[in-house]
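Reader: Before we talk about packing, could you put the model in view?

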Amino acid sequence: MRAAFVLGGIFLGVNLINYFVLGHTGDYLPGGQRMGEWKEAKIREACYPALESPERDELLPKLTSNEHRVDWRDLNRAKEMTAALNCYLVTHPNAICERNNRAYIIDYINRYFATFDEMMNTAKRYGESEMSTVRNLWDSPRNRAINAALMQVTGNGRLIKADFGWTVPAAMKPLLDRYKGTTDNCPRA
Amino acid sequence: MIRQLLTLILAFVGGFLMVGAWIWAPQISSAMSSFVSVGPSVSLFADANRLGRPEVAPVVRSCIFRVVDVGPDATKMEPSAAYFILKAGSMQASVAALAGKPDDPRSGFRTVLSAIKWGELASCIYAQDDRELCDPDNRAAMVEATTKFFAFAKQAEASKSPIAGGDASVIENFSDKLLNALKNHRRYGTLVAADFGSFTAPEIMRIMREEKETRDICKR
C-alpha cells in the first residue's frame, strides 16, 4: 500500500514536471482515433524551412510603433509561432488530416493563443495604447491567414472541440461551438 | 489514513525535488554563479509596483545604443535586444572572474569594461528628466545599471590586475556622479532602500539609509 502511494507521488511529480517544466503539453491531449503521437508529426520537420529566417518574411508580425514595451524575445516568439502555424495550416492545409500532425498542430494552436494571451496580460499593465500595439502585432497578414485557416478547418470538421480536451483556447471556443457536429472532410486513404 | 496522506505528500515532494533537481541543476548552478559574482540586479523583496522590466524601459531605448555599439544594425535592432547583449557580456565577465585564473589580464579588462559600460548607461539614465524614474520600468533600469556599475567597479578594484590610469579615473567619475544622483533621487522619493538588493554596494545602501525623502516628485 505504502509503495503504491510512493510510486503514485513520484508519478504525479514526474507528470507535473513534464507538463510545466519541460512543456510537453502535447502528451496530455486526448487520445482516440483522431489523435496520434505529436512527437511523430511529419509536418514539424516539413516546416523547418519556414522557420529558418523569419526576418525576411515581410508578412510576419512586426511592430508598428517605436513607443512600446514589447521585449525582443516576445517579438521573436510571435514571429516564429506565426511562421510555424502559417506553415502547418495555410501552406499545408491537408496536414491536419493526419493523426500525428493533428495532435502536434492542436498543441501548437494552444501555444500560439497562450503566447498571445501572455503578451496581452503584460501589455494590460501599460494601458490601452500598449494593448493596441500588441493586438496590431498579432494582426499581420500571416496571422489573418491563420485565422481564416482556423475558421476553415473548424468549419469542415477537421478540427473539433473534443480534439482539444480540457485546453480549448478561449478564442477558439465560439468557432468550435458554431460548427459542433460537423463531420470532417479529410480525404480518405 | 493521516500517515498514508503524509507518505503521499512526502513521496510527491521527494519525487518532485529529485527529478526537479536533475532537470534544473544547470539553471540553478548558473543562477547561483551570477548571483555570487555580481549580486542580484534588483531587490528580490522590492514592491512589484515599484520595479518593472528594465529591458523595455523607455530610458533604455534612448540610452542603450550610446553604450552598446552594434554598428549600422542599430536601426534594425530592438533596444531590449541590445540591453540583453550588455547583460550577457557582463555575465561573461562575472563568470570569467569567478572561474578564470585570478591573474588573467583579460578577465580584469572585461570587468573594467563592464563597469564602464554600466556606468555610462546609468549616467545616461540619470541625465534624463527626474520624473522619468517614476515609471517602474525606468526605475528598474536605473537600479540595475547602478547596482551593476558598483558591483563591477568593486570587482575590478579587488582584482589582481591593475586598472589602467585612464579607466580608473573614468570609473571614479562615474562613481561620484552616480552617488550624487542617488542622493537626489532618494530625496525626490524616486528611489527607496527596498528597491536595491541585500547585496548592493554599501555606498548605495548608506545613501539610502542616511538621506531622507524631502518631497515626492511622482505625486501629481
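Author: A nonpolar core is a set of buried Ala, Val, Leu, Ile, Met, Phe, Trp, Tyr and Cys residues joined through side-chain atoms within 4.5 Å, where buried means under 20% relative accessible area with a 1.4 Å probe and protein chains only. The model is predicted, so that local features need pLDDT of at least 70 and side-chain atom pairs count only at pLDDT 80 or more, while totals for chains, interfaces and linings use all residues. Residues are numbered from 1 along each chain as its sequence is written, chains are lettered from A in the order in which they are written, and side-chain values use heavy atoms, with hydrogens and water left out.

Reader: Which element gives the largest share of the largest nonpolar core?

Author: The largest nonpolar core has 45 residues, and B:Leu121, B:Ile125 and B:Leu182 have the most contacts inside it. Among the elements of chain B that give two or more residues to this core are helix H4 (105-126), helix H5 (136-158) and helix H6 (165-188), helices being DSSP runs of H or I with at least four residues, numbered from the N terminus. The largest share, ten residues, comes from H5(B).

Reader: Which residues beyond four places in sequence are in contact with B:Leu182?

Author: Contact means heavy atoms within 4.5 Å. Leaving aside neighbours within four places in sequence, B:Leu182 is in contact with B:Tyr126, B:Thr146, B:Phe150, B:Leu191, B:Phe196, B:Ile204, B:Ile207 and B:Met208.

Technical notes
Buried means under 20% relative accessible area, exposed over 50%, partly exposed in between (1.4 Å probe, protein chains only).
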